[in-house]
Amino acid sequence: MVYGKKEDIIQKHGDIIFFDWDDSNDGKADHVGIVERIENNKVYTIEGNSKGDTCRQKEYDINSSSILGYGTPMY
């Protein structure tokens with residue numbers, strides 16, 4: 001997997017997105033999702049463990065401070 005900080009990698013669908021939630025903000029990934037698409041300065045994700053045991057689509061501003069980085073699987 002190629003991994004990079006959000007400033008260093010061009011995001012694309014299928015990438016893994018890593019989050020560092022503001023309450024910990026320790027530079028370590030607290031959660032992951034899959035990038036569905038990037039559109040209008042938003043990143044749309046599919047995530048599990050969202051509001052309990054559900055899987056759902058979420059959206060974030062592309063510059064969100066919660067986004068730690070992205071990984072591109074070597075498919």
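## Gly-14 and its neighbours

Leaving aside residues up to four places away in sequence, Gly-14 touches Ile-34, Val-35, Pro-73 and Tyr-75. Gly-14 sits in the loop between strand 1 and strand 2. Along the chain, Gly-14 and Val-35 are 21 residues apart, yet 5.3 Å separates their C-alpha atoms.

## Asp-15, next in the loop

Asp-15 also has its place in the loop between strand 1 (2–5) and strand 2. Is Asp-15 buried or exposed? Asp-15 counts as buried because its relative accessibility is 1%, where the cut-off for buried is under 20%.

A polar atom of the Asp-15 side chain lies 3.1 Å from the backbone nitrogen of Lys-12.

## The nonpolar core

Which residues make up the largest nonpolar core? Its 8 members are Ile-17, Phe-19, Val-35, Val-43, Tyr-60, Ile-62, Ile-67 and Tyr-70. Strand 2 (16–19) and strand 6 (67–72) each supply at least two residues of this core. In soluble globular proteins, nonpolar side chains tend to be buried together.

Not counting residues up to four places away in sequence, Ile-17 touches residues including Val-35, Val-43, Ile-67 and Tyr-70.

## How confident is the prediction?

The protein chain has an average pLDDT of 86, and 88% of the residues score at least 70. Among the elements, strand 3 (residues 31–39) has the highest mean pLDDT, 95, while strand 1 has the lowest, 60. Where pLDDT is low, the predicted coordinates should not be read in detail.

How values were computed:
Residues numbered from 1 in each chain as written. Predicted model: local features only at pLDDT ≥ 70, side-chain atom pairs only at ≥ 80, totals over all residues. Heavy atoms only, no water. Core = buried A, V, L, I, M, F, W, Y, C linked by side-chain atoms within 4.5 Å. Buried < 20%, exposed > 50% of the residue type's maximum accessible area, 1.4 Å probe, protein only. Helix = DSSP H or I, 4+ residues; strand = E, 2+ residues; numbered from the N terminus. Contact = heavy atoms within 4.5 Å. Polar contact = N/O pair within 3.5 Å; in protein donor to acceptor, adjacent residues only side chain to side chain. pLDDT = per-residue confidence, 0-100.
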